[in-house]
Amino acid sequence: MAYQLQAVLSLKDELSKNMKSAIKSINAAKKATDTFRDSNGRLRDSMGRFTKANHSASSSLSGFTSHTGSAIQAVGALSAGVLTAAGAYKTLQATVGEAMKMEQSQVTIDAMFDNKKLSKQYQDMLNSFAIKSPVLDSSEMFANSKSFISQSKDVKQLEKMWNLTERLLAVDPKQGVEGAVMAMKELMSGDTQSMVERFEMPRKALNDIKNLPLDQQLAALDKLYNKMGMTNKLVTAMESTSLGYITQIKEALSMKFRAVGFEALKSLKPIIGDIKNAVSDGALDGFFKSMGSAFAFLGSEASKFANYVKTN
């Protein structure tokens with residue numbers, strides 16, 4: 001017995017139907033527009049200009065496309081230049097920038113001690129302390145020194161304060177040097193709140209310490225820290241951790257960069273002084289007036305361009 005199989009393929013073309021309808025509507029709209037423009041006597045002139053402008057736009061687009069490769073290469077070169085400039089800026093910040101910050105901290109410390117010899121002893125102690133510490137760095141120690149110096153000018157007591165601060169940071173580094181110093185200062189002034197809230201220290205024990213004379217406060221805090229396991233042995237153990245090594249390496253490098261910065265400042269400081277005097281004395285008024293006029297012109301042109309875009 002023979003069977004004849006026949007397959008019928010039917011393709012339903014919805015796209016053509018919709019396209020024809022759309023084209024018909026567009027043609028109707030165009031006809032209405034043409035009629036309107038003819039009635040005002042502007043159709044042929046306007047369409048002629050449009051055709052010419054469209055041709056120019058097409059030519060411009062072709063030119064843009066042909067130059068895309070060159071533009072990409074130019075952007076690549078520019079990016080490399082920007083990265084180089086960014087690297088130079090970071091180097092400048094790590095050297096001259098850090099030297100400037102340190103200079104300001106040193107001036108503050110000298111003024112608070114009002115004793116060059118004691119001030120130098122204290123600053124030497126800070127540098128020695130920071131290079132060994134797995135959690136502290138000299139820049140932050142110098143910047144936050146005013147809080148401790150306001151409590152005492154005894155270098156031994158100040159060293160003890162930094163030792164206690166280091167142990168606080170060893171168990172809770174997220175509070176940062178500034179947070180730890182502030183908590184210590186507040187406690188020495190009779191306020192326990194920051195020590196309790198920031199470092200979860202026992203309020204009752206701190207209440208027994210906060211009103212003692214400073215030397216007794218420091219001794220009592222040392223005893224409390226040891227009881228809680230916040231010992232110097234803990235800090236010593238942290239020195240041998242990977243993070244401890246990294247912190248010490250960063251501190252050693254920052255000292256080297258800062259030393260370079262101080263050398264640079266010997267030559268830069270007179271120039272900076274001259275610039276400061278020039279600005280203060282009005283020597284640059286003409287330059288800034290010209291720059292103001294230039295920016296005013298740019299603003300005006302930008303406004304015109306924005307209006308053109310909005311209108312057209």
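Visitor: Is Glu200 buried or exposed?
Guide: Glu200 is exposed, with a relative accessible area of 67%. Exposed means over 50%, buried under 20% and partly exposed in between, with a 1.4 Å probe and protein chains only.

Visitor: Where does Glu200 lie?
Guide: Glu200 lies in the loop between helix H9 (193-199) and helix H10 (203-209). Helices are DSSP runs of H or I with at least four residues, strands are runs of E with at least two, and both are numbered from the N terminus.

Visitor: What is phi of Glu200?
Guide: Phi is near 55° there, a positive value in a residue other than glycine. Asp114 likewise has phi near 55°; this residue sits in the loop between helix H3 (68-113) and helix H4 (116-132). Asp114 counts as exposed, at 70% relative accessibility.

Visitor: What kind of model is this, and how are residues numbered?
Guide: The model is predicted: local features need pLDDT of at least 70, side-chain atom pairs count only at pLDDT 80 or more, and totals for chains, interfaces and linings use all residues. Residues are numbered from 1 along each chain as its sequence is written, and side-chain values use heavy atoms, with hydrogens and water left out.

Visitor: Changing topic, how many aromatic pairs are there in the whole structure?
Guide: A search finds 2. Rings of Phe, Tyr and Trp (its six-membered ring) pair if their centres lie within 6.5 Å; planes under 30 degrees apart count as stacked, over 60 as edge-to-face and the rest as tilted. The pair of Phe113 and Tyr122 is tilted, because the planes stand at 45°, with ring centres 5.5 Å apart. Phe113 and Tyr122 are both buried.

Visitor: And what about Phe148 and Trp162?
Guide: Their ring centres are 5.0 Å apart and their planes are at 75°, so this pair is edge-to-face. Phe148 belongs to helix H6 (residues 145-149) and Trp162 to helix H7, so the pair ties together parts 14 residues apart in sequence. Both Phe148 and Trp162 are buried.

Visitor: At what angle do H7 and H8 cross?
Guide: The axes of H7 (residues 155-171) and H8 (residues 176-188) come within 10 Å and cross at roughly 125°. Axes are lines fitted to C-alpha atoms, for helices over the stretch in contact, and angles run from 0 to 180 degrees between N-to-C directions. H7 is therefore oblique to H8; angles under 35 degrees count as roughly parallel, over 145 as roughly antiparallel, 65 to 115 as roughly perpendicular and the rest as oblique.
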